[in-house]
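Hi,

Here is the structure I said I would pass on.

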Amino acid sequence: MKATAQRESHLSTNRPPRPEYGAPEVNIFETKDGYVLEAEMPGVSKDGLEVTLEGTELTIVGRRRSEPLPGEPLFRECSPADYRRVFELDPAIDTAKVSAKVEQGILTLTLPKSERVKPRKISVD
Amino acid sequence: MNGLTRWQRPEMVMWPGFGRLTDLRDEIDRLFETPLAEWARTSQLLSGWTPAIDIYEDKDNLYVRAELPGMKREQIEVSLHEGTLSISGERKGENKHEGAEVYRAERFFGRFQRTVTLPAPVSPEKVKAQYQDGLLTITLPKTEEAKPKRIDVKLS
């Protein structure tokens with residue numbers, strides 16, 4: 001009985017109470033050298049970005065650093081929430097070589113495959 | 001070496017999938033957390049790309065902000081005609097990943113246009129637009145006549 005209670009409380013603390021984050025739209029491509037991930041994060045500059053790798057789990061977080069508009073809102077469609085999305089990576093990715101850049105609100109991650117899994121041509125003597 | 005194992009395409013075996021990238025809970029949370037207005041925008045599969053906009057007002061200016069990530073300045077057009085502001089442009093899909101396999105394609109490409117009927121008259125020659133971090137911010141100063149004025153009422 002006690003165990004159940006503990007488990008539930010553990011679950012509830014695990015869940016974030018509010019939608020502080022929205023998931024950004026992404027495009028993902030695979031090329032022979034690796035993967036490219038592009039995420040739409042308007043309002044996020046380099047300082048607001050956090051890309052973390054834990055094992056094969058990749059987490060991207062983008063915090064909006066743009067100045068809020070002055071005055072009173074008349075019409076609102078843009079979400080004020082920050083961005084967050086978690087991806088499970090192909091173990092073939094060489095996590096040491098992952099690189100990121102952000103340009104006009106688009107985060108581009110380059111995830112190269114490690115050399116050992118790339119197709120190789122073996123010459124015949 | 002215990003002999004050769006049967007060859008399998010590595011991505012078939014090792015790819016738990018960008019398909020499962022966002023876990024289901026994220027996806028469900030997203031469903032419930034998305035405001036209706038957002039759904040109206042994202043379910044525009046037929047109409048293409050409709051960038052989100054905000055409109056703000058203070059006593060001197062109107063402000064319009066549009067989320068236009070990944071554009072070049074020259075691809076954005078802003079025009080003002082008889083109290084109607086129009087933002088349009090085209091975001092081109094890049095061919096740099098030609099021949100690549102696509103795992104996710106959630107981003108919109110192509111033409112867009114949004115028009116806003118301004119709630120107050122503005123001075124067209126003083127309008128300023130700025131594009132930074134994928135956000136287009138337009139500041140439209142109100143005409144002198146449109147600004148709120150204090151009128152002193154003399155009581156006799």
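To get you oriented, which residue in S4(B) does Ser79(B) stand opposite? That would be Ser86(B). Before going further, please keep in mind that this is a predicted model.

**Two residues with positive phi**

Glu82(B) sits in the loop between S3 and S4 of chain B. Its phi is positive, about 45°, although it is not a glycine. Asp133(B) is another non-glycine with a positive phi, in this case about 50°. You'll find Asp133(B) in the loop between strand S7 (128-132) and strand S8 (135-141) of chain B.

Asp133(B) has 21 C-beta neighbours inside 10 Å, and because 20 or more is enough, it counts as buried. If you want a distance for that part of the chain, the C-alpha atoms of Glu82(B) and Gln132(B) are separated by 27 Å, with the two residues 50 apart along the chain.

**The hairpin and its other partner**

S7(B) and S8(B) make a hairpin with two residues between them, and Asp133(B) is in the turn. Five bridges join these two strands, which run antiparallel. One place to look is Gln130(B), whose bridge partner in S8(B) is Thr137(B). S8(B) also pairs with strand S2 of chain B (residues 61-67), again in the antiparallel sense, over seven bridges. There, Asn61(B) has Pro141(B) in S8(B) as its bridge partner.

**Over to chain A**

Chain A has one helix and nine strands. Along the sequence they follow the pattern α-β-β-β-β-β-β-β-β-β. Of its 125 residues, 30% count as buried. Taking contacts in chain A between residues at least 6 apart in sequence, 54% join residues at least 24 apart.

Four strands of chain A form an open sheet in the order S1-S7-S5-S4, with mixed pairing. Its edges are strand S1 (21-22) and strand S4 (49-54) of chain A; each has a single partner strand, so one side of each is left without a neighbour in the sheet. Further in, S5(A) and S7(A) run antiparallel and are joined by six bridges. Gly62(A), for instance, has Tyr83(A) in S7(A) as its bridge partner.

**The nonpolar cores**

As a bit of background, nonpolar side chains in soluble globular proteins tend to be buried together. Which residues touch the most other members of the largest nonpolar core? They are Tyr35(A), Leu37(A), Ala39(A), Leu107(A) and Leu111(A), in a core of 20 residues. Two or more residues each come from strand S2 (26-30), strand S3 (34-40), strand S5 (57-62), strand S7 (82-88) and strand S9 (106-112) of chain A. S9(A) gives the most, with four residues.

Leaving aside residues up to four places away in sequence, it touches Ala39(A), Met41(A), Leu49(A), Ile60(A), Gly62(A), Ala100(A) and Val102(A). Gly62(A) in that list is the residue bridged to Tyr83(A) above.

There is also a second, separate core of 17 residues, and Tyr56(B), Leu62(B), Ala66(B) and Leu140(B) are among them.

Cheers

Definitions and conventions:
Residues are numbered from 1 along each chain as its sequence is written. Chains are lettered from A and ligands numbered from 1 in the order in which they are written. This is a predicted model: local features need pLDDT of at least 70, side-chain atom pairs count only at pLDDT 80 or more; totals for chains, interfaces and linings use all residues. Two strands pair if DSSP finds at least two bridges between them. A nonpolar core is a set of buried Ala, Val, Leu, Ile, Met, Phe, Trp, Tyr and Cys residues joined through C-beta atoms within 7 Å. A residue is buried if 20 or more other C-beta atoms lie within 10 Å of its own, exposed if 12 or fewer, and partly exposed in between; C-beta atoms are placed from the backbone. Two residues are in contact if their C-beta atoms, placed from the backbone, lie within 7 Å.
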